[in-house]
Amino acid sequence: MTGLSLLALGTAAVAILLILVIWVRMPAFVALLLVAVLTAAASGIPLTDAVESVTKGVGGTLGNVAIVVGLGAMLGKMIEESGGAESIARYFTGKLGPKRIAGAVTIAAFILGIPVFFDVGFIILAPIIFGFAAVARLNPLKIGLPVAATMLTVHVVLPPHPGPVAVAELLDRDIGLLLTIALPIAAVTAAIGFFLAKRFNLDGVVRMESPAETDEAREFPHPPSPWLVMGLIVLPILIIMVGTTGTMLTEEGTAVHTFVKFFGAAPIALLIAVIVAWILIGRQQSWNREHSSGVLDSALPAVAVIIFVTGAGGGFANVLVESGIGQVLSDLLISSGLPLILMGFLMSAALRASQGSATVALLTTAGLLAQPIADAGLSPVQATLIMIAIGFGGLGLSHINDSGFWIVTKYMGLSVKQGLKYWTSLSTIFGVVGFLITWAVYAVV
């Protein structure tokens with residue numbers, strides 16, 4: 001096929017994928033596999049190799065993603081079941097004072113959001129949001145909206161969340177370096193976004209009934225110390241950062257370099273954190289080993305769909321590369337002069353708005369830009385910043401085709417119109433702010 005035909009095929013493949021997910025309501029896993037196989041066949045890849053091309057991409061993506069996402073979910077589940085979320089929220093509220101409750105819960109949400117997936121984390125915090133809002137006589141939207149946007153920020157740019165991990169795997173980049181660079185950028189984005197959210201006029205907003213207000217909040221007789229919870233969350237982050245830094249500072253081939261690289265690998269860091277949580281939280285809660293193990297096991301079914309969709313996205317991305325579509329796009333982008341970092345953000349944002357899933361938007365964008373990024377001769381830091389920009393593209397424009405939109409609006413008691421006015425606009429503000437910070441850092445390096 002000619003270059004123009006391959007480019008048209010890639011465009012049609014993405015369009016068909018969006019149609020299947022949005023209008024046909026086909027499950028994303030099935031839609032991704034179907035479009036991947038059809039694209040492979042249509043691009044000229046022999047039928048005998050089409051399936052192999054897809055499965056190769058699925059296997060290559062899941063090799064690391066399944067471990068990191070699974071262990072991250074287990075760590076989050078231990079914190080959730082023990083009452084760790086409430087413990088952190090109360091700690092920061094006590095430190096910052098009742099007048100700064102919104103900021104306190106938002107800080108807690110940022111920390112909690114690192115190991116806990118967005119949907120789960122927000123549902124955990126919803127009753128706490130309403131409880132603290134009642135005590136401080138605040139409109140709960142003033143706490144709930146920045147909390148949700150902060151957790152979504154963490155979800156799209158920081159490992160061990162599936163989107164960032166999968167993008168790093170697809171682009172063959174170091175997860176440790178991604179975490180090291182993305183963490184401060186995400187923190188600054190959350191801080192700026194929080195203060196911008198305070199400018200929203202929410203006092204006159206009439207809300208509907210929320211399930212978090214009518215249902216009784218879960219009781220935790222002996223929640224863990226906030227220091228224990230924060231320690232468990234920070235532990236794998238520190239291990240990964242030490243591993244990344246140590247790898248850079250030690251000579252390749254030496255025993256020290258080999259050990260540091262092994263010790264600082266994301267799966268090893270998370271494995272250590274999960275084992276420590278299993279022991280410490282289990283002992284603090286007086287759980288027997290069987291109950292503690294059951295809590296860990298219960299985290300896996302909830303992330304099975306995410307893992308499978310991520311793998312299917314990797315299969316589609318591999319087809320885009322092996323068919324030559326990525327190379328054609330690479331040549332086109334290089335000739336256009338449009339910065340890759342801007343292209344990554346805009347493409348991810350468009351896909352996010354079109355089909356709703358941030359993870360699918362990140363995966364598809366990474367697949368399309370894998371070849372252009374490889375051909376651009378970027379430094380590891382520059383490539384990592386482009387990955388972060390892709391993540392921020394998937395942060396904004398959350399609307400009615402996004403499950404997160406419904407979770408936030410229903411739990412906050414917002415109508416669809418109010419959700420579009422407040423939540424969609426705030427998520428987009430956070431995404432744009434994060435991208436501008438990332439682009440500014442990219443310009444410096």
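Which residues touch the most other members of the largest nonpolar core? Among its 144 residues, these are Leu125, Leu145, Val147, Phe316, Ile388 and Trp423, where a nonpolar core is a set of buried Ala, Val, Leu, Ile, Met, Phe, Trp, Tyr and Cys residues joined through side-chain atoms within 4.5 Å. To this core α9 gives the most, with 12 residues.

## Basis of the model

The structure is a predicted model, in which local features need pLDDT of at least 70 and side-chain atom pairs count only at pLDDT 80 or more, while totals for chains, interfaces and linings use all residues. Residues are numbered from 1 along each chain as its sequence is written, and side-chain values use heavy atoms, with hydrogens and water left out.

## The chain as a whole

The protein chain holds 21 helices and zero strands; helices (H or I, at least four residues) and strands (E, at least two) are DSSP runs, numbered from the N terminus. Of its 445 residues, 56% count as buried, a class defined by under 20% relative accessible area, with exposed meaning over 50% and partly exposed lying in between (1.4 Å probe, protein chains only).

Among the contacts in the protein chain with a separation of 6 or more, 82% are accounted for by residues 24 or more positions apart, contact meaning heavy atoms within 4.5 Å.

When residues up to four places away in sequence are not counted, leucine 125 touches Ala85, Ala109, Leu112, Val147 and Met151. Leucine 125 and glutamate 86 are 39 residues apart in sequence, and their C-alpha to C-alpha distance in space is 7.4 Å.

Threonine 247 is found in helix α11 (residues 226-249) and, with a relative accessible area of 25%, is partly exposed. Leaving aside neighbours within four places in sequence, threonine 247 is in contact with His257, Val260 and Lys261. From threonine 247 to histidine 257 the separation is 10 residues in sequence and 5.7 Å in space, C-alpha to C-alpha.

## Packing of α9 with α21

Two packed helices are described by the angle between their axes and by the distance between the axes. Helix α9 (residues 175-197) packs with helix α21 (residues 416-444) at an angle of about 135 degrees, the axes being 9 Å apart; axes are lines fitted to C-alpha atoms, for helices over the stretch in contact, and angles run from 0 to 180 degrees between N-to-C directions. That angle makes α9 oblique to α21, given that angles under 35 degrees count as roughly parallel, over 145 as roughly antiparallel, 65 to 115 as roughly perpendicular and the rest as oblique.

By class, the contact of α9 with α21 has 13 nonpolar, four polar and no charged residues, where Ala, Val, Leu, Ile, Met, Phe, Trp, Tyr, Cys and Pro count as nonpolar, Asp, Glu, Lys and Arg as charged, and the others, Gly among them, as polar.

## Packing of α13 with α14

Helix α13 (residues 266-284) and helix α14 (residues 289-297) pack at an angle of about 135 degrees, with their axes 10 Å apart, which makes α13 oblique to α14. Their crossing is right-handed. Val274, Trp278 and Gly282 of α13 make the contact with Arg289, Ser292, Ser293 and Leu296 of α14, and the residues of this contact divide into three nonpolar, three polar and one charged.

Notes: Left-handed = near helix turned anticlockwise from the far one by under 90°.
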